[in-house]
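Please read the text below alongside the sequence and the 3D view. It moves from the chain as a whole to single residues.

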Amino acid sequence: MPKRLNDEITFMIVPHSGHTPFSFKIRWGVLVFFLSVLFFGALFVIWTFFFALSVNSKLSDYQILKSQNARQSEEIRQLKVESEALKKDIKRLSDEESELRKNLGISEPSDQNSKAKSDQSSSIEGTKQNSMDELSLLFGSSVDPRFINIKNDLSMVRTQLSYRERSFNQIAQLAKRKINEYASFPTGFPADGVITSYFGYRPAFGDFHPGIDVAASYGSPIYATGDGVVVFAGWYLSGYGLTVIIDHGNGYETLYAHDSAFAVKVGQRVKKDQVIAYIGLTGFTTGPHVHYEVHHYGRVINPMSVIGANPAEL
């Protein structure tokens with residue numbers, strides 16, 4: 001082996017085809033140089049190949065992330081639009097609810113309102129923390145604030161919807177109670193006929209008439225003028241003849257006199273416009289009619305003041 005780089009080394013090539021062998025000399029240092037160039041050149045080619053593979057893989061991942069980001073951005077945009085639409089619907093429902101409460105005379109409980117706001121604040125704060133935790137786990141330390149905002153918006157919408165649902169349920173219950181109360185007010189007409197005598201002083205008879213007389217053919221139906229309970233069905237005093245008395249609650253009672261027969265009995269609950277008796281001639285009367293009275297907390301009032309009236313105004 002040569003000891004110095006300037007020493008020469010001879011390479012001989014002997015062809016097997018019978019041609020003359022040939023040889024050439026090259027200094028050891030030059031040979032080492034070319035071998036080094038070939039070695040590092042091969043390393044560079046291999047490194048370039050794997051680097052290109054890595055770059056291509058990263059570019060592919062980048063394109064996938066870019067596509068996912070674009071899709072998520074579009075989803076966020078749509079959720080934002082839906083969230084804003086829901087907020088407008090909630091505002092509309094809130095306005096309609098306030099108008100409904102005003103018309104029904106139902107006040108909004110302050111404690112529920114404050115509780116809803118408290119729940120809403122707690123929910124938003126809780127959701128904000130949960131959102132940060134969840135999304136940090138998904139995306140590392142960099143969390144897109146749009147996710148936080150949209151989740152907070154949706155949390156607020158859910159809280160408000162929950163409150164509105166409870167509020168509307170309360171209104172529905174109170175409205176049902178009001179409807180039942182209104183149905184019990186004696187605003188109906190006791191019979192299909194003609195009024196022959198009104199409430200008040202009657203100069204022709206020199207007496208005070210405590211109700212109205214509605215004339216109709218004998219045996220015509222007499223109707224309950226409101227929901228209530230029959231508290232009397234029998235012969236009432238001397239001049240009223242067969243009489244039905246209904247207690248409607250809220251201090252109202254109605255009286256139907258001069259009946260020929262009853263269609264109800266004491267203790268029976270009746271509905272407005274239900275047939276309770278039939279027009280007759282019992283008691284002091286000159287012709288078939290029903291004598292109709294309305295009492296409010298024991299005091300007789302003019303039936304015409306409540307017939308056809310709006311129960312909400314009574």
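This is a predicted model: local features need pLDDT of at least 70, side-chain atom pairs count only at pLDDT 80 or more; totals for chains, interfaces and linings use all residues.

Residues are numbered from 1 along each chain as its sequence is written, and side-chain values use heavy atoms, with hydrogens and water left out.

The protein chain has three helices and 14 strands; helices (H or I, at least four residues) and strands (E, at least two) are DSSP runs, numbered from the N terminus. Of its 314 residues, 31% count as buried. Buried means under 20% relative accessible area, exposed means over 50%, and partly exposed lies in between, with a 1.4 Å probe and protein chains only. Among contacts between residues at least 6 apart in sequence, 59% join residues at least 24 apart, where contact means heavy atoms within 4.5 Å.

Two packed helices are described by the angle between their axes and the distance between the axes. Helix α1 covers residues 28–104 and helix α3 covers residues 145–184; their axes come within 9 Å and cross at roughly 25 degrees. The axes are lines fitted to C-alpha atoms, for helices over the stretch in contact, and angles run from 0 to 180 degrees between N-to-C directions. The crossing angle therefore makes α1 roughly parallel to α3. On this scale, angles under 35 degrees count as roughly parallel, over 145 as roughly antiparallel, 65 to 115 as roughly perpendicular and the rest as oblique. The crossing of α1 and α3 is left-handed, meaning that the near helix is turned anticlockwise from the far one by less than a right angle; clockwise would be right-handed. The residues of the contact of α1 with α3 divide into 16 nonpolar, eight polar and eight charged. Here Ala, Val, Leu, Ile, Met, Phe, Trp, Tyr, Cys and Pro count as nonpolar, Asp, Glu, Lys and Arg as charged, and the others, Gly among them, as polar.

Leu31 is placed in helix α1 and counts as buried at 17% relative accessibility. Leaving out residues up to four places away in sequence, Leu31 touches Ile9, Phe11 and Ile26. Gly105 is found in the loop between α1 and α2 (110–139) and counts as exposed, at 61% relative accessibility. From C-alpha to C-alpha, Gly105 and Lys178 are 9.9 Å apart, although 73 residues apart in sequence.

Ser184 belongs to helix α3 and is buried at 9% relative accessibility. A polar atom of the Ser184 side chain lies 2.6 Å from the backbone oxygen of Glu181. Beyond residues up to four places away in sequence, Ser184 touches Gly226, Asp227, His248 and Asn250. Asn250 itself is found in the loop between β9 (241–249) and β10 (252–262) and is partly exposed, with a relative accessible area of 38%.

Most residues other than glycine have a negative phi, and most peptide bonds are trans. Phi of Asn250 is near 55 degrees, a positive value. Phi of His258 is also positive, near 65 degrees. His258 has its place in strand β10 and is buried, with a relative accessible area of 5%.

His258 is also one of the contacts of His291, a residue of strand β13 (residues 289–296). His291 is buried, with a relative accessible area of 5%. The His291 side chain makes a polar contact of 3.2 Å with that of His209 and a polar contact of 2.9 Å with that of Asp213. A polar contact is a pair of N or O atoms within 3.5 Å; within protein, one must be able to donate a hydrogen and the other to accept it, and residues adjacent in sequence count only if both atoms are side-chain atoms. Apart from neighbours within four places in sequence, the residues in contact with His291 include Pro210, Tyr240, Leu255 and Tyr256.

Tyr256 is also touched by Pro190, which is found in the loop between α3 and β3 (194–197). Pro190 counts as buried, at 0% relative accessibility. Not counting residues up to four places away in sequence, Pro190 touches other residues including Val214, Pro221, Ile222 and Tyr292. The C-alpha atoms of Pro190 and Val275 are separated by 9.3 Å, and the two residues are 85 residues apart along the chain.
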